[in-house]
Amino acid sequence: MKAIVYEKYGSPDVLELREVKKPIPKENEVLIKVHAASVNAYDWHFLTADIFLIRLMGGGLLKPKNTRLGADIAGRVEAVGRNVKQFQPGDEVFGDMAGHGNGSFAEYVSASESAFALKPANLSFEEAAAVPMAAVTALQGLRDEGQIHPGQKVLINGASGGVGTFAVQIAKLFGAEVTAVCSPRNLDQARSIGADQVIDYTREDFTQNGQQYDLILAANGYHSLSDYKRALTPQGIYVMAGGSMAQIFQAMLLGSWMSKTGGKKMGGVSTKIDQKDLVILKELLEAGKVVPVIDRRYLLSEAAEALRYLGEVHARGKVIITVV
Ligand SMILES: NC(=O)c1ccc[n+]([C@@H]2O[C@H](COP(=O)([O-])OP(=O)(O)OC[C@H]3O[C@@H](n4cnc5c(N)ncnc54)[C@H](OP(=O)(O)O)[C@@H]3O)[C@@H](O)[C@H]2O)c1
């Protein structure tokens, strides 16, 4: 089968489309014919090792230990191991290969059945592949870390990317009043997916305008933790999903320390894909309550282009890799 392979950390130029062995499912695994994958900053980090911790935490110190890339996937089950209970050949599924060896930028994957759920029936494979990592991050960031409640004022920074477009929609479903922060070209998109207010970050700094929010989900951009803290109501919660390296390290190193005084909580979300959340999202998608926003589509042979585009950090929604 064909797969995207890389043997050294670097720019998307190091990616190659190669013939590799088609996987054989183990007892608890499903073999899936991949129809579509989507690209995440997660893949960018594994490709470039721009976060040094990736090298220290099992990614491989000098070169990638795992030469395969890609987490989000949608496809059709081709075969199942004998202990698989939930799926059978022919089922259409979507899921996330993070924690299951990655490798969705390929014609086939084989992984534990726990990585997948049945695909929302009303979505194409490409639409379904857009969902898992970004939407679960938005859901877990708002619901679990952010403890979102109806009527709260919620701000999403980085509202026009993969995580942000799901976060705006999910926060609205929880009954929040949502402010979306993005660049001017994405203001209409943010309104169209439900944002009540929009802030153009090139013209206005939401941390300096005197407004306060019960919950801030930071998907992208950079502000110091003290700026974010100022923009929170007295019991407000800041949840860092991503952004610049400085953002990530500040939240990791200083977040719990800064939460010790006063009622404000400064933390982050570390997404754990689980089937229950995939099923929740499947139901929301089937009900039309959440809709994936897709920016560009690339072929498997163009995976390097897809990653190059994602690496510019201005994708509008999700970037898809169509495999068949
Ligand atoms: N913690 C976790 O477990 C976890 C899981 C998934 C993702 N993440 C992280 O979450 C982050 C976001 O992921 P993603 O999939 O949403 O990425 P993405 O799709 O690449 O984000 C692109 C978006 O970021 C916006 N952006 C760029 N600079 C900005 C700025 N200064 N202020 C506000 N928005 C800005 C862009 O909007 P404009 O073009 O309008 O500027 C663009 O729409 C990444 O850092 C990723 O690593 C973390």
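A residue counts as buried when its relative accessible area is under 20%, as exposed when that area is over 50%, and as partly exposed in between, using a 1.4 Å probe and protein chains only. Helices (H or I, at least four residues) and strands (E, at least two) are DSSP runs, numbered from the N terminus.

The structure above is a predicted model, in which local features need pLDDT of at least 70 and side-chain atom pairs count only at pLDDT 80 or more, while totals for chains, interfaces and linings use all residues. Residues are numbered from 1 along each chain as its sequence is written, and side-chain values use heavy atoms, with hydrogens and water left out.

Let's start with strand E15, residues 318-322, where 5 of 5 residues are buried. Lys318, Ile320 and Thr322 point one way from E15, and Val319 and Ile321 point the other way. Two strands pair if DSSP finds at least two bridges between them. E15 pairs with E3 in the antiparallel sense over 4 bridges, and Ala36 has Thr322 of E15 as its bridge partner. Together, E14, H10 and E15 form a right-handed β-α-β unit: with the strands pointing away from the viewer, the path from the first strand over the helix to the second runs clockwise.

**Helix H1**

Next comes helix H1, residues 41-48, whose buried residues are Asp43, His45, Leu47 and Thr48. Their cover includes strand E3 (29-39) and the helices H2 (53-59), H8 (245-258) and H10 (303-311). Just after H1, Ala49 has a positive phi of about 55°.

**Around the ligand**

The ligand is surrounded by 26 residues, and the closest are Ser183, Tyr201, Val269, His314 and Ala315; a residue is near the ligand if one of its heavy atoms lies within 4 Å of it. H1 and helix H5 (162-173) each supply at least two residues of this shell. The table lists polar contacts, which are pairs of N or O atoms within 3.5 Å.

| Residue and its atom | Ligand atom | Distance |
|---|---|---|
| His45, polar side-chain atom | oxygen | 3.3 Å |
| Asn186, side-chain N or O atom | oxygen | 2.8 Å |
| Val269, backbone N or O atom | nitrogen | 2.6 Å |

The protein covers 87% of the 920 Å² of accessible area that the ligand has on its own. Such areas come from the Shrake-Rupley method with a 1.4 Å probe.

Notes:
Contact means heavy atoms within 4.5 Å. A polar contact is a pair of N or O atoms within 3.5 Å; within protein, one must be able to donate a hydrogen and the other to accept it, and residues adjacent in sequence count only if both atoms are side-chain atoms.
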